[in-house]
Amino acid sequence: MTDRSSFDDPILVRRLEDWIEDQREVRAPARLVDAVMADVVAQPREGGWAIALRRWQGIAAYGALTAVVAIGVTLGILLAQTIGDEVGHPPASPSLSPSPSPSPGSSNDLAASGAPPVSLLALGDVQIEATALAAGEGGLWVVDRANRLVELDQATGDERRSVPLPRPVAAMLVASTGVWAASVEGDLVRVDRATLELTEIADAIGGALAVGQDARIWLGRENGVARIDPGSNAIDLVVPVANRSPDLGLAAVDSVVWVATRTGIVQLDAGDGAVVARIPGDATALGLDGGSLWASRGIELLRIDPTNATITEIVAGIPAGSSMAIADGRIWVAGPPGAASGTIVGVDAAAARIAFEASVDGSIVDVAVLGASVWVARDEGGSVSRFSVP
Amino acid sequence: MNPERFRRSDERQLVEAARAGEPVAFELLVRQQVDRLYGAAWVMLREPDLAEEAVQQTLVRAWRDLPRLRDADRFGAWLQKLLVRACYDEARRRRRWSATIRLLPSVDDPGLESGLADREVIEAGMRSLSADHRIVLALHFFLDLEPSEIADRLGIPPGTARSRIHYALIALRAAVEASDRPGGTGKGSVA
């Protein structure tokens, strides 16, 4: 039996349970099973032997591809020794569907030509059960299920350093002022990147983070946002914003902050928190690229012109409820949470179209970009997978 | 295919047969699960057509993706994940649709009145919640999942799941209190 004793309103819980009992009497319409089976019969699947054969074909193709990649990696090592570049490790995840990297510049050609997205090249998995992932300031950081903050070596995937955090993390941000870990169960934690010393910010509970003007940190909360001064490690501004869940997105640059709500995106003045504009429509994740604000809304990615708060492009076909990371003119979205399989897509900001994609087994928890690699934290099997950006 | 072949099979055997491409085994699984899935979708979406659509999407997707399910013992949990995803899809698709709920005037039998009105107040309160909050309450109270299991179904940290349940109950309490006040009416929109 589920324990509901921790909730502080037993009368409400009892009323809700009574109402739920009524709902248990609801039965599915008889036509539903017929409709499902009609769809099933209309799309018959191959049997076990055919599936096994297809898997072996895939493995054979994967083996051939691995040989090609190995040659490429060897050449890359030689090149890296010459120019000091970073070298990835070989593919290790047969569930991924990589394809050979296109030649330099070809992604833009593909974007312009309307060709199908290029498959990302899988470079391998790091075995760590990550609940949050963030990159920045040259480092890649993960929080695992034991609430450890771990810095990963981006070349080898090895753990470089770690420090225990006091509670589960809902969002993480790597900034010049440190690694910031927000939680919906307790105060925001700031971690010194050099010493791994922890500082807790009083009364700062939340589920989304962004860094804005003067390196101030914005924290997304239930029905509001708070601004943290990294100089004093204290909240210096609280702005109520209705219809917000703590985990909905934030984005900040210069004197403006965008805040996602269930009913729209609210633009705030970063100085005093005054509402400057509202953009209708719900969004889950927000990010900035150059002069554009990008917002994920269901399976759509919106480009918004912040100067007049209008949607200028809609890119359809992204995974719903996605995490977002932006770098080098590409918007990476990955998700959806809780799904049987995950998808990573890279949108070319200039062409406003999906230029790259990959899929993995199990849902995707978070995404980060560092250098020429996209990293995704995966639910199934507890791993962080690395992909090369062509 | 003879359905009798699967009559004595347990769920794991049915899942393995369905994974191998046996529609009859899959139909038996569907019949075992459909009422519970539909009930959960009904609580999450509060609209029979949407619930029906979500369950159909869930089961058709399950048939399509079943070969990728590695652990047959996870079939039930996996179906719940698919259902949550389908309910989010339906909620998003119909987000602009809204309904206003007004409580009916009182009836003659005070006991009956109190029971019915109480359920209507909760009904109106549930309708006023966001899809996020309805879904997390359905997972916790209808499907009896613990926060760690809810975290698994939603792909969020367990702490966020606990917090979401907490905030959903706060939102429900606010809606119920508004309706409980003298002259109050339940009013809300379906996200």
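Keep in mind that the model is predicted.

The contact involves 64 residues from chain A and 67 residues from chain B. Together the two chains bury about 5,900 Å², with 57% of that on carbon and sulfur atoms. Charged partners also reach across: there are seven salt bridges in the interface of chain B and chain A. One of them links Arg27(A) to Asp35(B), whose closest N and O atoms are 3.9 Å apart. On the side of chain B that touches chain A, helix 8 of chain B provides the largest share, 14 residues. That side of chain B is made up of 32 nonpolar, 25 charged and ten polar residues.

Now turn to chain A and its strands. Strand 19 (residues 286-289) and strand 20 (residues 292-297) of chain A run antiparallel and are joined by four bridges. In this pairing, Leu288(A) stands opposite Leu293(A) of strand 20. Two residues lie between the strands of this hairpin, and Gly290(A) has a positive phi near 55° there.

Two other loops of chain A are worth a look. Asn223(A) sits in the loop between strand 12 (217-221) and strand 13 (224-229); although not a glycine, Asn223(A) has a positive phi of about 55°. Its relative accessibility is 38%, so Asn223(A) counts as partly exposed. Asp254(A) lies in the loop between strand 15 (250-253) and strand 16 (256-260). Asp254(A) is not a glycine either, yet has a positive phi of about 45°, and with a relative accessible area of 53% Asp254(A) is exposed.

Technical notes: Residues numbered from 1 in each chain as written. Chains lettered and ligands numbered in written order. Predicted model: local features only at pLDDT ≥ 70, side-chain atom pairs only at ≥ 80, totals over all residues. Heavy atoms only, no water. Buried < 20%, exposed > 50% of the residue type's maximum accessible area, 1.4 Å probe, protein only. Pairing = 2+ DSSP bridges. Contact = heavy atoms within 4.5 Å. Buried area = accessible area lost by both parts, 1.4 Å probe. Salt bridge = Lys/Arg side-chain N within 4 Å of Asp/Glu carboxyl O. Nonpolar A, V, L, I, M, F, W, Y, C, P; charged D, E, K, R; others polar.
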